[in-house]
Amino acid sequence: MAQQKVKKPKRSIWKFDLDLTHPVEDGIFYSRNFEQFLPKVKVNGKTENRGNVHIEHFKNKIAVVSEKQFSKRYLKYLTKIYLKKNSLRDWFRVVASEKETYELRYFQISKDADGSESED
């Protein structure tokens, strides 16, 4: 007797979080401005097709919930565009802290023995 494979149901909701704790606490980054920037999300190549993508704002976190397939990498891309637009890209990097969470972290700049700066 052959065993039948059990198919898993496809994922119906995609939820990704963006942790902005460090820059918001330091007063460098304003999460409300970023939340207003995020409606530029494109679904199937159109910005007007955003009906199934919801953006939720919590204290220092922003959650993006989608009923259609949504890429975590696209959220990282939008975050980098926002940082570049506001001249913050030189200070922060976007790092995946968990499977469905991104975090903004400062670049680690350390002094070498010869006195020059280097990035890690």
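## Exercises on a predicted model

At 32% relative accessibility, R105 counts as partly exposed. Keep that residue in mind as you work through these exercises; the model is a predicted one.

**Exercise 1. Get an overview of the fold: how many helices and strands are there, and in what pattern do they follow along the sequence?**

Solution. Start with the count: the protein has three helices and seven strands. Next, read from one end of the sequence to the other, and the pattern is β-α-α-β-β-α-β-β-β-β. Then turn to burial: of the 120 residues, 32% are buried. For contacts between residues at least 6 apart in sequence, 54% join residues at least 24 apart. Finally, the accessible surface comes to about 8,900 Å², and carbon and sulfur atoms account for 48% of that surface.

**Exercise 2. Work out the sheet: in what order do the five strands lie, and which strands stand at the edges?**

Solution. Begin with the order, β2-β3-β1-β5-β4, in an open sheet with mixed pairing. The edges belong to β2 (53-58) and β4 (92-98); each has a single partner strand, so one side of each is left without a neighbour in the sheet. From one strand to the next, the twist averages 20 degrees.

Now take the pairs in turn. β2 and β3 are antiparallel and share six bridges, and here V53 stands opposite S66 in β3. β3 also pairs with β1 (residues 14-19), again in the antiparallel sense and over six bridges. On the way to β5 (residues 101-106) the sense is parallel, with three bridges joining β1 to β5.

**Exercise 3. Find the bridge partners of D19: which residue faces D19 in β3, and which in β5?**

Solution. Look to β3 and you will find K61 as the partner of D19. Look to β5 and the partner is E103. Hold on to E103, because this residue returns in the next exercise as a buried one, with a relative accessible area of 11%.

**Exercise 4. Search the whole structure for salt bridges: how many are there?**

Solution. The search finds two.

- Step one: R105 forms a salt bridge with E103, with the closest N and O atoms 3.4 Å apart. E103 is buried at 11%, whereas R105 is partly exposed at 32%.
- Step two: E35 forms a salt bridge with R32, and here the closest N and O atoms are 3.2 Å apart. Both E35 and R32 sit in helix α2 (residues 31-37), three residues apart, which is about one turn of the helix.
- Step three: check the burial of this pair. E35 has a relative accessible area of 17%, which is under the 20% cut-off, so E35 is buried. R32 has 51%, which is over 50%, so R32 is exposed.

Note on methods:
Residues numbered from 1 in each chain as written. Predicted model: local features only at pLDDT ≥ 70, side-chain atom pairs only at ≥ 80, totals over all residues. Heavy atoms only, no water. Salt bridge = Lys/Arg side-chain N within 4 Å of Asp/Glu carboxyl O. Helix = DSSP H or I, 4+ residues; strand = E, 2+ residues; numbered from the N terminus. Buried < 20%, exposed > 50% of the residue type's maximum accessible area, 1.4 Å probe, protein only. Pairing = 2+ DSSP bridges. Axes fitted to C-alpha atoms, helices over the stretch in contact; angles between N-to-C directions. Contact = heavy atoms within 4.5 Å. Areas by Shrake-Rupley, 256 points an atom, 1.4 Å probe, with all protein chains shown as cover.
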